[in-house]
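Thanks for passing this one along. My notes below follow the sheet in chain B, strand by strand.

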Amino acid sequence: MSEVATHTKVPATPLELMREPLVANQRSFGWISDRVSAVTEGKTPKWWWAAFVPSLCLLGLLGAMLYYQIATGVGVWGNQHPTMWGWDIVNFVWWIGIGHAGTLISAILYLLRQKWRTAVNRAAEAMTIFAVMCAGIYPAIHVGRVWFDWWLFPIPTYQGLWPQFRSPLMWDVFAVSTYFTVSVLFWYVGLIPDLAMLRDRAKTKLKQFLFGLFSFGWTGSNRHWSNYEKAYLILAGLSTPLVLSVHSIVSLDFSVSQLPGWHTTIFPPYFVAGAVFSGFGMVLTLLIPLRSMCHLEDIITKRHIDVMCKVTLATGCIVSYAYIMEFIIAWYSGSAMERFHFMNRALGPMWWGWVMMMSCNMLVPQLFWFKKIRQNLVVVWILSIFVNIGMWFERFVIVVVGLYRDFLPSSWDYYKPTWVDVCTYLGTFGLFFTLFLLFMRFLPMIAVSEIKGVTPQADPHHPEAGATGGHS
Amino acid sequence: MSTHAKAFGLLAEFDTTPTVLHAAERIRDAGFRKWDVFTPFPIHGMDRAMGVKNSKVGWFAFLGGVTGYTTGMLMIWWMNAVDYPILIGGKPMFSPFGAFPPSYELTILFGAFGALGGMLFLNRLPKLHHPLLKHRRFALATHDKFFVVIETSDPKYSETETRKLLEAAGSKRIEMVEE
């Protein structure tokens with residue numbers, strides 16, 4: 001009999017098949033908490049003030065614009081017959097779309113076990129919440145008489161009248177408010193263990209008290225983790241159909257109407273893909289500067305930027321497909337109105353909107369095919385801004401270009417925004433960046449407990465787990 | 001009541017995930033009931049090592065979801081078809097299709113509250129006081145150390161034997177925590 005082998009020889013993984021680690025430089029658990037907490041515990045950096053003061057000024061501008069518009073009426077905007085939806089709805093859809101990347105990262109990528117998401121999910125979720133807040137302002141103010149906003153909710157008016165649930169605009173109220181609430185819950189559940197970490201590190205009584213209160217007395221008990229992880233998984237499972245439904249319902253605001261260019265079945269998936277595309281654009285715009293300003297290069301590594309570029313590319317290709325498909329549907333439908341609308345979109349007086357949309361959303365992301373470009377952070381950052389601009393123009397093309405030349409040529413009119421439109425939009429950036437800067441200064445902007453969980457030494461069965469942790 | 005502090009339990013510190021996992025297996029096999037492991041992040045396989053059963057949070061979320069969907073459908077039917085019906089374009093007063101999107105959103109909303117509420121209820125949180133949180137060393141449980149706590153109220157608890165067990169499990173630092 002020949003010898004029986006008692007050991008099988010496991011070949012070592014070849015270098016080219018090895019994945020880059022999620023946390024670079026083999027950082028220890030302690031290093032991760034120290035590094036992330038340093039952003040909230042250290043002295044306020046100068047660049048933070050340099051960003052915060054202008055943001056606060058823009059927020060003041062938003063307040064002034066809202067006051068002016070509410071006190072005077074929606075006539076201060078450029079909305080004129082037949083373009084009854086202008087920058088207000090463009091910006092609403094743009095902001096809410098930006099939020100979608102946060103939920104995609106936090107929920108869908110969690111279900112798909114994409115562990116790289118842990119480095120960016122906290123900041124991306126914060127971005128979602130603040131973007132939805134900016135978005136939420138627009139429907140509330142564009143109704144004109146904001147003091148009747150409560151009619152949107154199922155509260156009877158003085159005549160006993162209820163909201164009309166046959167309208168997709170009502171569905172939108174439920175979709176957006178649910179989206180906001182669930183995003184906040186999901187974000188907060190993720191924060192609990194990290195708030196407990198800040199409580200345990202706190203030097204002052206006040207901080208200890210506040211972080212202790214908001215972390216609900218979290219101890220890190222495994223019996224608690226067991227329920228916590230289940231709740232987190234369920235919230236991810238609930239947020240996934242939620243995020244897909246939100247932009248689908250936003251698209252139904254358009255597609256349930258009878259207008260050429262709006263009345264189409266491609267809208268829900270096309271809107272969702274566009275939302276994720278624009279959201280990833282914004283995540284890249286925010287995180288590329290932040291990772292170097294806050295010295296988080298070992299946590300948000302180049303590999304993270306690389307995968308986010310790939311998601312941007314993939315969703316960019318989906319929206320490009322939708323842009324082309326819309327033309328084919330219009331041609332194939334045989335409807336003269338539909339055909340006219342799309343000819344007008346590309347060749348009419350507002351051709352520049354369409355050109356901006358096509359170049360920023362279809363051509364620019366194609367550069368992400370090249371690894372050289374995905375690795376060059378300055379270039380990625382600039383391209384991500386183009387994505388944001390392109391997606392704004394997409395909504396402009398849908399909303400304004402869809403309206404300004406309607407069925408009756410006698411009512412055609414060119415649309416121009418007013419200075420109030422422009423300043424209100426700039427003001428929402430003030431709200432967004434003020435909140436985001438406050439968030440990153442006072443709360444852990446990286447999900448510390450989750451990052452620790454994806455390091456090699458966290459896995460009790462990993463050969464490296466025995467080591468107490470590399471360099472610190 | 002006695003004037004001096006009562007003992008809450010023995011706190012054993014571990015440095016790495018495999019040691020704390022194996023310690024948990026030993027304590028589980030020794031038949032302790034009132035004990036727990038405290039970690040900065042959930043450790044894969046710890047539930048099995050401790051003998052913790054699958055979490056029941058799912059039931060709370062499910063109940064929330066069912067409540068949300070029923071609430072949505074009933075609310076819309078009652079508001080638009082019973083309490084104040086308005087005929088629009090000859091459409092039916094109530095249609096499950098038009099009522100679906102808001103009900104779907106309410107399913108998710110109530111389901112999410114169910115998951116969060118269920119998690120907090122099962123964990124008995126928020127809790128404003130815990131004996132361990134007063135312990136100086138225990139602050140590292142959210143940083144980079146792993147702890148096992150066996151409470152004195154456990155029927156199997158014995159000051160010397162339990163300490164020996166924890167030492168044998170590989171803990172180099174064992175302390176008594178006061179109530």
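This is a predicted model: local features need pLDDT of at least 70, side-chain atom pairs count only at pLDDT 80 or more; totals for chains, interfaces and linings use all residues.

1. Start with β2(B) and β3(B): they run antiparallel and are joined by four bridges.

2. Look for L11(B), which stands opposite V149(B) of β3(B).

3. Put together, the strand order is β2-β3-β1-β4 in chain B, an open sheet of four strands with antiparallel pairing. β2 (35–38) and β4 of chain B are at the edges with a single partner strand each, so one side of each has no neighbour in the sheet. On average, neighbouring strands are turned by 20° against each other, ignoring direction.

4. Don't skip the helix: α5 of chain B, residues 159–168, packs on this sheet and touches β1, β3 and β4 of chain B. The direction of α5(B) makes about 15° with that of β1(B).

5. Is β1(B) mostly covered or mostly open? Mostly covered: of the eight residues in β1(B), which spans 7–14, six are buried. When you check the side chains, remember that in a regular strand they alternate between the two faces of the sheet.

Methods: Residues are numbered from 1 along each chain as its sequence is written. Chains are lettered from A and ligands numbered from 1 in the order in which they are written. A residue is buried if 20 or more other C-beta atoms lie within 10 Å of its own, exposed if 12 or fewer, and partly exposed in between; C-beta atoms are placed from the backbone. Helices (H or I, at least four residues) and strands (E, at least two) are DSSP runs, numbered from the N terminus. Two strands pair if DSSP finds at least two bridges between them. Axes are lines fitted to C-alpha atoms, for helices over the stretch in contact, and angles run from 0 to 180 degrees between N-to-C directions. Two residues are in contact if their C-beta atoms, placed from the backbone, lie within 7 Å.
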